[in-house]
Amino acid sequence: MSARNWGTELDLSWISKIQVNQPAVLRRAEQIQTRRTVKKEWQAAWLLKAVTFIDLTTLSGDDTSSNVQRLCYKAKYPIREDLLKALNMHDKGITTAAVCVYPARVSDAVKALKTAGCTIPVASVATGFPAGQTHLKTRLEEIRLAVEDGATEIDVVINRTLVLTGQWEALYDEIRQFRKACGEAHLKTILATGELASLTNVYKASMIAMMAGSDFIKTSTGKETVNATFPVAIVMLRAIRDFFWKTGNKIGFKPAGGIRSAKDSLAWLSLIKEELGDEWLTPELFRIGASTLLSDIERQIYHHVTGRYAAYHDLAMC
């Protein structure tokens with residue numbers, strides 16, 4: 001991953017001046033969604049690139065060590081080897097960017113990846129995911145325990161109440177404590193944008209999170225009614241760009257929730273390329289949080305190679 005963001009001083013004067021032009025953002029979002037995607041060989045190449053940005057995720061109440069082990073195997077071998085050979089990509093070391101699990105399953109993931117001889121990072125959600133409504137002391141301890149078990153990336157959730165009531169200094173202080181608890185682990189801050197009421201709040205929360213030391217800002221937990229959307233993404237990406245212009249620090253972006261199709265992933269890559277440039281098209285600065293997206297990407301690559309869509313048993317690991 002990129003160099004850690006240890007944060008900057010809180011600048012409330014900057015926050016107070018922010019006002020998002022919602023109609024302009026919505027027009028830009030519509031433009032992204034109606035654009036034609038790349039085709040044939042170019043599409044296959046972009047889909048393989050998309051694979052390398054995926055935080056392959058399982059966040060279910062019935063998670064077990066065995067299904068986490070299966071997830072880790074799929075993270076190491078995301079696309080069938082014969083399909084990669086057909087594309088002459090079998091020796092490129094294509095894996096997903098990380099696996100993401102609940103804190104109690106971190107040790108299972110670390111063990112499974114070590115057994116597989118793989119260095120894929122383990123990410124853990126924390127801080128009372130998904131609601132973030134537990135006591136601060138408990139949330140901080142959850143971060144520390146996940147790091148002790150081997151997580152090198154922590155996806156925290158903010159207390160949305162602090163945003164909705166305009167308590168920006170309190171939000172900054174809370175995320176600073178998350179940053180300290182993470183130690184050397186990377187901090188990915190989930191804003192739960194579907195619950196922040198306005199695009200202006202999304203921008204302000206993004207900026208506070210970056211000032212407080214977040215290495216990534218992330219749209220959603222995937223558990224809200226509204227998750228990753230293009231209008232929200234545009235606002236967050238422009239906050240990242242503004243923060244970079246002001247501080248020189250590059251902060252990563254992670255959309256999560258509802259990104260299920262290969263076509264969706266191409267639209268997200270296109271958005272990153274246009275808003276932030278090729279420098280951000282790297283796993284160090286861009287991730288996609290997904291549990292089912294990889295299945296459709298592999299299905300589309302199978303179709304590109306064979307000319308037909310796979311039967312269920314053809315891609316059994318999906």
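Author: Happy to. For that we need a cut-off: a polar contact is a pair of N or O atoms within 3.5 Å. Keep in mind that this is a predicted model.

Reader: Good. So what does the side chain of Thr-221 reach?

Author: The Thr-221 side chain comes to 2.9 Å from the backbone nitrogen of Lys-223.

Reader: And where is Thr-221 found?

Author: Thr-221 sits in the loop that runs between strand E6 (216-218) and helix H11 (230-247).

Reader: Is Thr-221 buried or exposed?

Author: Buried: the relative accessible area of Thr-221 is 7%, and the cut-off for buried is under 20%.

Reader: Which residues is Thr-221 in contact with, leaving aside neighbours within four places in sequence?

Author: Those are Phe-129, Pro-130, Val-157 and Ile-190. Two of these names come back in another feature: the peptide bond from Phe-129 to Pro-130 is cis, and its omega is near 0 degrees.

Reader: Let's switch to backbone angles. What is phi of Ala-192?

Author: Near 50 degrees, which is a positive value in a residue other than glycine. Ala-197 also has a positive phi, near 80 degrees.

Reader: Where are they placed?

Author: Ala-192 is in the loop between strand E5 (186-190) and helix H10 (199-211), and Ala-197 is found in the loop between E5 and H10 too.

Reader: Buried or exposed, for each of the two?

Author: Ala-192 has 0% relative accessibility, so this residue counts as buried. Ala-197 is at 73% and therefore counts as exposed.

Reader: Great. New topic: how do helices H4 and H6 pack?

Author: Helix H4 (residues 65-76) packs with helix H6 (residues 106-115) at about 45 degrees, and their axes are 9 Å apart.

Reader: And why call that oblique?

Author: Angles under 35 degrees would count as roughly parallel, and 65 to 115 as roughly perpendicular. At about 45 degrees, H4 and H6 are therefore oblique to each other. Their crossing is right-handed.

Reader: Which residues meet there?

Author: From H4, Ser-65, Val-68, Gln-69 and Cys-72; from H6, Asp-108, Ala-109, Ala-112 and Leu-113. By class, that contact has five nonpolar, two polar and one charged residues.

Reader: Thanks, that helps a lot!

Conventions:
Residues are numbered from 1 along each chain as its sequence is written. This is a predicted model: local features need pLDDT of at least 70, side-chain atom pairs count only at pLDDT 80 or more; totals for chains, interfaces and linings use all residues. Side-chain values use heavy atoms; hydrogens and water are left out. Helices (H or I, at least four residues) and strands (E, at least two) are DSSP runs, numbered from the N terminus. Buried means under 20% relative accessible area, exposed over 50%, partly exposed in between (1.4 Å probe, protein chains only). A polar contact is a pair of N or O atoms within 3.5 Å; within protein, one must be able to donate a hydrogen and the other to accept it, and residues adjacent in sequence count only if both atoms are side-chain atoms. Contact means heavy atoms within 4.5 Å. Axes are lines fitted to C-alpha atoms, for helices over the stretch in contact, and angles run from 0 to 180 degrees between N-to-C directions. Angles under 35 degrees count as roughly parallel, over 145 as roughly antiparallel, 65 to 115 as roughly perpendicular and the rest as oblique. A crossing is left-handed if the near helix is turned anticlockwise from the far one by less than a right angle, and right-handed if clockwise. Ala, Val, Leu, Ile, Met, Phe, Trp, Tyr, Cys and Pro count as nonpolar, Asp, Glu, Lys and Arg as charged, and the others, Gly among them, as polar.
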